[in-house]
Amino acid sequence: MIKESNTPEFWESIYTSKDQYVYGKEPSKFLVEYVDLLKKGTALDLGMGEGRNAIYLASQGFAVTGIDHSPTAVARAKKLAANSGVTLECKEASLDFFLIPLMKYDTILLSDFHPQPVLMKNLVRGLTVGGTLMIEAYTKEHLKIKQDPPYIFDCFDSNEALHLAQGLKILQYSEREIYGEHRVQLIGVKTTMAS
Ligand SMILES: C[S@@+](CC[C@H](N)C(=O)[O-])C[C@H]1O[C@@H](n2cnc3c(N)ncnc32)[C@H](O)[C@@H]1O
């Protein structure tokens with residue numbers, strides 16, 4: 001087993017260690033509960049994994065692009081999209097130096113994906129006016145409950161998601177224990193071009 005660090009090799013080893021979908025085929029409960037708050041249109045799922053959330057968004061009428069650096073995860077996402085009868089644009093690429101296009105996406109989703117600082121800083125600029133950002137992730141608090149998974153590099157510090165969403169109007173925010181896990185859940189909307 002490769003030592004835990006946020007590399008494509010590490011994630012490949014996670015995905016290839018199982019024949020099954022590691023994160024399952026069902027979308028996040030948070031996403032399903034609040035999908036109506038998200039701005040319909042173009043959606044970007046960063047660190048898409050095997051596509052469970054991207055495919056759900058596509059089934060709800062979003063035009064979704066999913067990006068992930070694990071070839072196995074991307075192949076599984078393509079297969080799940082085909083089996084689900086939805087169209088999904090899948091990109092196998094590293095997000096480490098990804099420069100998000102200015103005001104391109106109506107919704108950006110981060111589900112259990114903790115971006116590098118440059119991407120963090122630029123996420124909001126990728127949203128259209130009225131566009132929504134959804135974040136769901138483990139917090140570092142969760143590591144007191146369970147340590148593997150999640151991985152330390154995927155966990156958010158307290159209030160980190162709020163910093164990331166600076167300039168957005170916050171529609172939903174919590175950091176709490178839910179489903180036996182300590183999670184941060186955020187939805188923010190971009191109300192002006194200036195943010
Ligand atoms: C914990 S999994 C979550 C997958 C998916 N978002 C979900 O909720 O099922 C994190 C994903 O982020 C991807 N990832 C992590 N760092 C990445 C990077 N720098 N560039 C592209 N993908 C990355 C991994 O390959 C992995 O599929």
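**Ligand shell, sheet and core of the predicted model**

The ligand is surrounded by 19 residues, with Trp11, Gly47, Gly49, Leu95 and Ser111 the closest (a residue is near a molecule if its C-beta atom, placed from the backbone, lies within 6 Å of it). The model is predicted: local features need pLDDT of at least 70 and side-chain atom pairs count only at pLDDT 80 or more, while totals for chains, interfaces and linings use all residues. Residues are numbered from 1 along each chain as its sequence is written. Six residues of the ligand shell are nonpolar, eight polar and five charged (Ala, Val, Leu, Ile, Met, Phe, Trp, Tyr, Cys and Pro count as nonpolar, Asp, Glu, Lys and Arg as charged, and the others, Gly among them, as polar).

An open sheet of mixed pairing is formed by seven strands in the order E3-E2-E1-E4-E5-E7-E6 (strands are DSSP runs of E, at least two residues, and helices runs of H or I, at least four, numbered from the N terminus; strands pair if DSSP finds at least two bridges between them). Strands E3 (89–92) and E6 (169–178) are the edges, each pairing on one side only. E6 pairs with E7 (residues 181–189) in the antiparallel sense over nine bridges. Within E7, Val184 stands opposite Glu175.

The largest nonpolar core has 48 residues, of which Ala54, Ala58, Ala77, Leu88, Ile108, Leu133 and Ile135 touch the most other members (a core is a set of buried Ala, Val, Leu, Ile, Met, Phe, Trp, Tyr and Cys residues joined through C-beta atoms within 7 Å; buried means 20 or more other C-beta atoms within 10 Å of a residue's own, placed from the backbone). Strand E5 (residues 127–138) contributes the largest share of this core, six residues.

Terms used:
A residue is buried if 20 or more other C-beta atoms lie within 10 Å of its own, exposed if 12 or fewer, and partly exposed in between; C-beta atoms are placed from the backbone.
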